[in-house]
Amino acid sequence: MDTGYLSSMNLTGANQARSFAGQLPAQRCFTIDTIQAPKSSRHMNFPVKSLVLRNKGKRLHRRLGALQVVCQDFPRPPLESTINFMEAGQLSSFFRNSERPSKPLQIVIAGAGLAGLSTAKYLADAGHKPILLEARDVLGGKVAAWKDEDGDWYETGLHIFFGAYPNIQNLFGELGIEDRLQWKEHSMIFAMPNKQGEFSRFDFPESLPAPLNGIWAILRNNEMLTWPEKVKFAIGLLPAMVGGQPYVEAQDGLTVSEWMKKQGVPDRVNDEVFIAMSKALNFINPDELSMQCILIALNRFLQEKHGSKMAFLDGNPPERLCMPIVDHIQSRGGEVRLNSRIKKIELNPDGTVKHFALSDGTQITGDAYVFATPVDILKLLVPQEWREISYFKKLEKLVGVPVINVHIWFDRKLKNTYDNLLFSRSSLLSVYADMSVTCKEYYDPNRSMLELVFAPAEEWVGRSETEIIDATMEELAKLFPDEIAADQSKAKILKYHVVKTPRSVYKTVPNCEPCRPLQRSPIEGFYLAGDYTKQKYLASMEGAILSGKLCAQSIVQDYNMLSLRAQKNLQSEIPVAS
């Protein structure tokens, strides 16, 4: 998804000690201590609930030898009846049901991340011909992944698919790949920094509707917040509950910390909940993050019964998610080209786009043009003639946030973990998961592979891999006190990969909202897609997919104008007879 001269990813990977010998087992099993359940194929769905250790609303203290869930998937939740899911489905049907064009438009799209793939997919659904250009040799942009020499995958980020992502859920259904999402128990699990090796859970009961299931989860957890703190927090949230979306949008000018102080919310709520939440949402701390971001997430999670329920993709994103979209695009006449880096946006005399000039010297022309790259890449390539236009000038406020994704393969199976996403509550780490348990393709019954988000990363993105791994191991020693030591005197590192992204999703700091552009630019025939563009899901995979749909919708709505422009351009190229 990166185009231009600045790479959006600085990809690095180092091997240490040795790599795995042999292949991963063809079977996976549910293990509770030494009790083994019947084996199942590691590429099947798991609607069956295995034995599971639950401690609803209480701290769970687990040491070596304790009963433990190794892996368990849950059935897909019923999402179809939610308003947001139905609205997303209606937007998808807009493209399928739109009038077939008499002459399909050829739309050139820069960037094959989720925003670009989404734009191309829905334009193809509407009967047009997208030409999707990706600068690198891998699909996915911020969900890209690579296979190392041992056949193991390492990813740009730890990607979670929420029930509150209606456009993504619709997309999986449209592609017929819903079974590629591995749904987990409806819980949010936080490490306890002051009690190393212990966790505290927020369990959402299936028997209660929203928002009661979320309220129940909060009330039942007495490890992280006291009752007085819960009451003050609830009172602080009352204006958001009463004021709705207008109130939420009005909080864009405040950081999370400023909003908490204004509402009289205790500092411990920040320490216990919002630091972890802020880092998970935008890779930054509450003293930087806009409160609007938190309120939008809380609104989605509390208003939909399954909104905060999480799923993992069952394998690497380029093959398991991006390729089905590519196949869909190509089946409808579209094209996807890798290793096609945009060097310059060439203009016509009237300031509209003439063509995209590629770094290999070729030129790509179309009836319309879309930039679906990260905002930092777009800013490098905005033509000088456009830079003083307010629409483009405001983009300077939008800057990608650095993040680091760490993968560590250990010589043993770690026990102090869950088959779910975990909030580390570490000063250096955000969320993490044992991917050898949570993901079918990465499953290994004998060795753990931890994938961890290192954030905030601004002070670390320029440091060496060795420094990053050493710091990560220091934090892991607190999360796994009986199993991991910083000096590797316990679990040994077999290998690791570090993926640095100097400019990831846009940094959602206060007063960014007015700077986010609509997908239709003031330049006729030029459009934008990306999570930074105007849509209600901010910087997320869902936001990227929705931005692509909105971009495609704008192009379809502009068909007559674009078609007329194309005819005029064609006529102007015909030589006049002498």
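How many bridges join strand β18 to β19? Two bridges do, and the two strands run antiparallel. This is a predicted model. The protein chain holds 15 helices and 26 strands. Of its 578 residues, 61% are buried.

**A three-stranded sheet**
- Strands β17, β18 and β19 form an open sheet, in the order β17-β18-β19.
- The pairing in this sheet is antiparallel.
- Its edge strands are β17, residues 342–347, and β19, residues 363–364.
- Each edge strand pairs on one side only.
- Strand β18 covers residues 353–358.
- A357 has a bridge partner in β19, namely Q363.

**The chain as a whole**
- Take the contacts in the protein chain with a separation of 6 or more: 73% of them come from residues 24 or more positions apart.
- The protein chain exposes about 22,900 Å².

**Cysteines**
- The count of disulfides is zero.
- Is C512 buried or exposed? C512 is buried, with a relative accessible area of 2%.
- C551 is also buried, and its relative accessible area is 0%.

Definitions and conventions
Residues numbered from 1 in each chain as written. Predicted model: local features only at pLDDT ≥ 70, side-chain atom pairs only at ≥ 80, totals over all residues. Heavy atoms only, no water. Pairing = 2+ DSSP bridges. Helix = DSSP H or I, 4+ residues; strand = E, 2+ residues; numbered from the N terminus. Buried < 20%, exposed > 50% of the residue type's maximum accessible area, 1.4 Å probe, protein only. Contact = heavy atoms within 4.5 Å. Areas by Shrake-Rupley, 256 points an atom, 1.4 Å probe, with all protein chains shown as cover. Disulfide = S-S within 2.5 Å.
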